[in-house]
Amino acid sequence: MKKIIAFGASNSKTSINKQLATYTANQVDGAAVEVLDLNDYPLPIYGIDLEQEAGIPENAQAFLDKIKAADGIVISFAEHNGAYATVFKNLFDWMSRIDGKLWSEVPMFLMATSPGGRGGQTVLDIAAGRFPYMGGNIVAQFSLPSFGDNFSESGIVDNDLAATFKAQLESFEAAVNG
């Protein structure tokens with residue numbers, strides 16, 4: 001059975017990105033899904049002086065170990081001021097100090113959503129541009145605008161968005177199972 005790691009790149013306890021990532025990962029047929037919560041991996045703010053004095057925090061290594069053990073990764077990004085949420089950027093920085101190719105060529109489905117009409121597209125573009133340099137094997141991408149209008153417990157409500165999502169999900173599923 002293939003193992004999918006999913007998480008929202010946010011520390012909000014009611015993260016819409018975690019909801020979207022969880023929903024997406026659970027659509028992959030026959031996969032075991034583990035949903036990670038960034039709140040379970042607290043880390044000090046990265047700094048070279050701190051790293052030299054105290055080394056790499058255990059939580060950074062533990063999260064990276066989960067990534068490396070996965071057959072697929074689903075991330076949905078919260079967008080804060082046009083970029084990553086601080087909690088994700090900090091985790092990303094710590095993990096990159098352990099392994100510069102931290103994503104290990106594991107197939108990735110990158111997503112973003114927001115209450116607004118762009119659906120976190122800016123942060124999605126940032127991740128899609130950066131991750132390939134760090135071992136990111138991005139096989140699918142999807143931005144969901146206006147989360148409150150376009151998502152329910154049963155999934156994506158808008159027919160055009162649902163069709164786009166389904167095509168991206170099929171690409172991800174093929175890469176994970178391939």
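The model is a predicted one, in which local features need pLDDT of at least 70 and side-chain atom pairs count only at pLDDT 80 or more, while totals for chains, interfaces and linings use all residues. Residues are numbered from 1 along each chain as its sequence is written, and side-chain values use heavy atoms, with hydrogens and water left out.

**Exercise 1. The sheet**

Find the strands that pair with β3 and β1, and then state in which order the five strands of the open sheet are arranged.

Step 1. Strand β3, residues 72-77, is joined to β6, residues 107-113, by five bridges in the parallel sense. Six bridges link β3 with β1, and these two strands also run parallel; within this pairing Ile 73 of β3 is the bridge partner of Ile 5.

Step 2. Taken as a whole, the open sheet has the order β2-β1-β3-β6-β7, with parallel pairing. Because β2 (31-36) and β7 (137-144) each have a single partner strand, they stand at the edges, and one side of each is left without a neighbour in the sheet. Neighbouring strands are turned against each other by 20 degrees on average, direction ignored, where axes are lines fitted to C-alpha atoms, for helices over the stretch in contact, and angles between N-to-C directions run from 0 to 180 degrees.

Step 3. Helix α1, residues 16-25, packs on this sheet and touches β1 (2-9), β2, β3, β6 and β7, its direction making about 140 degrees with that of β6; contact here means heavy atoms within 4.5 Å. Helix α5, residues 121-130, lies across β3, β6 and β7 and runs at about 175 degrees to β7.

**Exercise 2. Burial in β3 and α3**

Work out which residues of β3 point each way and which residues of α3 are buried.

Step 1. A residue is called buried under 20% relative accessible area, exposed over 50%, and partly exposed in between, with a 1.4 Å probe and protein chains only.

Step 2. In a regular strand the side chains alternate between the two faces of the sheet. In β3, Gly 72, Val 74 and Ser 76 point one way, whereas Ile 73, Ile 75 and Phe 77 point the other way. Six of the six residues of β3 are buried, so the strand is largely enclosed by the rest of the structure.

Step 3. In helix α3, residues 58-68, the buried residues are Ala 60, Phe 63, Leu 64 and Ile 67. They lie on the same side of α3 because they cover an arc of only 100 degrees around the axis, the arc being that of the directions from the helix axis to the C-beta atoms. The buried residues of α3 pack against β1, β2, β3 and α4 (86-98).

**Exercise 3. Ser 10 and Asn 81**

Decide whether Ser 10 and Asn 81 are buried or exposed, and describe where each one lies.

Step 1. Ser 10 belongs to the loop between β1 and α1 and, at 9% relative accessibility, counts as buried. A polar atom of its side chain lies 3.0 Å from the backbone nitrogen of Ser 12.

Step 2. Asn 81 is in the loop between β4 (79-80) and β5 (83-84) and is exposed, with a relative accessible area of 85%. Most residues other than glycine have a negative phi, whereas phi of Asn 81 is positive, near 50 degrees.

Note on methods: Two strands pair if DSSP finds at least two bridges between them. Helices (H or I, at least four residues) and strands (E, at least two) are DSSP runs, numbered from the N terminus. A polar contact is a pair of N or O atoms within 3.5 Å; within protein, one must be able to donate a hydrogen and the other to accept it, and residues adjacent in sequence count only if both atoms are side-chain atoms.
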